[in-house]
Amino acid sequence: MLVELPKKYERKLNEYSFARIRDGVLELKGDFNFEKIMIELAYQLRGRTKCYYCKKKVSANKITIDHMFPSDFGGVTITNNLAPACGTCNSNKSNMNQYEFKIWNSLKTREEKKKYYHDAVNRKKRKKRNPYLVKKGFDMPRKWIQMLKLEYVEKASKVTPEGSDKYLKMLDFAQKTQKLPRPLILSSNLILIDGETAYAVAKTMQFVEVPVIILENVIVLK
């Protein structure tokens, strides 16, 4: 898939690391925080003074970033999935996606809203825990995701999440469901750029194939 990018962006992270956009391609080199770069680019694309949902003006120091498809159900931190939001909308939306939130906003009573939220989130919880929905268990467009053999993924980062609370929690989920709770994010040259913990869990579980999102217009320079 193609990640949404502005025309210009350049940030030198240190002497050996940078992120820049050249001819519509995001080039990454060295040590970089991919999620932080995506958030910066999302603000550059969509601004940081107006809520994406209620359209109200928000001061730049009070704006938040929202995952349109929630991260608890696999929603990844890429510009296609990020929107500036006021604190109220971000809180009310919680684990609904942007389409569910629109329906929720149209409901009249508190009881209707409460029931709709409960039903929407529980439906996604069941899909997430279903071991037969390896690719379809995410609250995200299916066309973003594909299955790829784990041996084709190259891990360039030196991050070692094994033993962390996040790793142990994700490992427990994988042992119970035989799948990952989120896809790996890869550059066009199949280098892991986000999802180190999920990758480590997949290696521990000896998964042959894993769900991935390949960003065709992002490349990691070696």
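A residue counts as buried here when its relative accessible area is under 20%, as exposed when over 50%, and as partly exposed in between, using a 1.4 Å probe and protein chains only. By that rule, 46% of the 222 residues of the protein are buried. What you're looking at is a predicted model, where local features need pLDDT of at least 70 and side-chain atom pairs count only at pLDDT 80 or more, while totals for chains, interfaces and linings use all residues. Residues are numbered from 1 along each chain as its sequence is written, and side-chain values use heavy atoms, with hydrogens and water left out.

**Overall build**
- The protein has six helices and 10 strands; these are DSSP runs numbered from the N terminus, with helices (H or I) of at least four residues and strands (E) of at least two.
- The C-alpha trace spans about 55 × 45 × 30 Å along its principal axes.
- Take contacts (heavy atoms within 4.5 Å) between residues at least 6 apart in sequence: 65% of them join residues at least 24 apart.

**An open sheet and its helix**
- Four strands make up an open sheet with mixed pairing, in the order β1-β2-β3-β10; strands pair if DSSP finds at least two bridges between them.
- At the edges sit β1 (10-14) and β10 (218-221), each pairing on one side only.
- Neighbouring strands of this sheet are turned by 15 degrees against each other on average, direction ignored; the axes are lines fitted to C-alpha atoms, for helices over the stretch in contact, and angles run from 0 to 180 degrees between N-to-C directions.
- β1 and β2 (residues 17-22) pair in the antiparallel sense over four bridges, and Asn-14 stands opposite Ser-17 in β2.
- Helix α1 (residues 34-46) packs on the sheet and touches β1, β2 and β3 (25-29), its direction making about 145 degrees with that of β3.

**Aromatic pairs**
- Rings of Phe, Tyr and Trp (its six-membered ring) pair if their centres lie within 6.5 Å; planes under 30 degrees apart are stacked, over 60 edge-to-face, and the rest tilted. That rule gives five aromatic pairs.
- Phe-69 and Trp-144 are an edge-to-face pair, 6.0 Å centre to centre with 80 degrees between the planes.
- Phe-69 is in the loop between β4 (64-67) and β5 (82-85) and Trp-144 in the loop between α4 (110-129) and β6 (146-149), so this pair ties together parts 75 residues apart in sequence. Both Phe-69 and Trp-144 are buried.
- The rings of Phe-101 and Trp-104 are stacked, because their centres are 5.7 Å apart and their planes at 20 degrees.
- Phe-101 and Trp-104 both lie in helix α3 (residues 98-106), three residues apart, about one turn of the helix, and both are buried.
- Ring pairs link Tyr-52, Tyr-53, Phe-101 and Trp-104 into a cluster.
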